[in-house]
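Let's take a friendly walk through a protein model. Have a look at the chain first, and then we will go through it step by step.

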Amino acid sequence: MLNFEKKGIFERALIKTKQKLLGFISSTKFDFEDLEEMLILADLPIEFVEEVVENARANFVRASDAIPYLKKKLIEELESNGKFTLELDKPNILILTGVNGAGKTTTAAKLANYYKKKNLKVLLAAADTFRAAGSEQLEVWAERIGVSIVSQQRGADPASVVFDATKSTLARGYDIMIADSAGRLHTKSNLMSEMKKIVEAAKKASEGVASVKSLLVIDANFGTNVLNQVSAFSEAAEVNFLIGTKLDSSSKAGSLISASIILEKPIAFVGTGENIDDIEEFDAESFVEALFEGVAEN
Ligand SMILES: Nc1nc2c(ncn2[C@@H]2O[C@H](COP(=O)(O)OP(=O)(O)O)[C@@H](O)[C@H]2O)c(=O)[nH]1
Ligand SMILES: [Mg+2]
């Protein structure tokens, strides 16, 4: 069922992306070529666009009548990869990874705050041990939000931070542990194997009791380049879900949809601003409705 409040939040966050698409609104003779151009401009996967436009030509007289069909197809594609949920009968370990500046630390803090507000017992792990500022940034957030944090000195093995934090999660009865990590370039193989070690450490420490998930944080401003990141990260270490950040500052938010569809990874959350509350659980229907609201309707 469509969640109107969520749709409204997505609509505000998608303003820049929508500005590109809304030009099609005034076009009185919105034809199938316009439809194709609009979908490509929306950074949707080319194969998907070709298939949808071909079917639309075959089944509809007017291109604008194909919009509901398009939305339905997109929602189906996005939902076919599954949905993120916590496994509430066990501790949940969420490990955030991604390139520098993607928004990992901010997202770790946002998620900690999000789950604390839902009355869950949250632990943060500062596994960005690469820079001194890495763990300090998260410590400041932890204090502000009022959640505990596990950290070690700069230069410590990030896998060992995650190992310790996972052990504490089990021993002290946390519902959820969220681990930040250092930014890593997907082209650097040593950093990629370190990522793998981090995930393995969490699995080992959790002794099969906790649910361990790895979430790749991607900046929507990268546009279709996020595809390279997602495939390189998922080749090196397991990636279970995507988190798209900076929807509010990007005009390429559609690329998150592409990454999810092409690489068959569900989007778990999206970042919609710089404030601590600016995070939303992804919902395919609300997101797609928000993206195409008012577009090509006449
Ligand atoms: N506008 C906007 N900025 C964001 C969002 N998420 C993160 N940022 C900003 O992106 C920058 C880098 O974030 P940070 O969490 O330090 O990235 P990290 O290197 O991956 O840990 C910071 O200035 C954040 O405030 C978002 O959803 N929207
Ligand atoms: Mg960081």
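The model is predicted, so local features need pLDDT of at least 70, side-chain atom pairs count only at pLDDT 80 or more, and totals for chains, interfaces and linings use all residues. Residues are numbered from 1 along each chain as its sequence is written, and chains are lettered from A and ligands numbered from 1 in the order in which they are written.

The protein chain is assigned domain 1 (4–81) and domain 2 (92–281); such bounds come from an automatic or database domain assignment. Taken over C-alpha atoms, the centres of the two domains are 31 Å apart. Their contact (C-beta atoms, placed from the backbone, within 7 Å) takes 17 residues from domain 1 and 21 residues from domain 2.

Now for the helix pair. How do α8 and α9 pack? Helix α8 (residues 158–171) and helix α9 (residues 189–206) meet at an angle of about 25 degrees, with axes 8 Å apart. Axes are lines fitted to C-alpha atoms over the stretch in contact, and angles run from 0 to 180 degrees between N-to-C directions. The two helices are therefore roughly parallel (angles under 35 degrees). Among the contact residues are F163 of α8 and I198 of α9.

Key. Helix = DSSP H or I, 4+ residues; strand = E, 2+ residues; numbered from the N terminus. Parallel < 35°, antiparallel > 145°, perpendicular 65-115°, else oblique. Contact = placed C-beta atoms within 7 Å.
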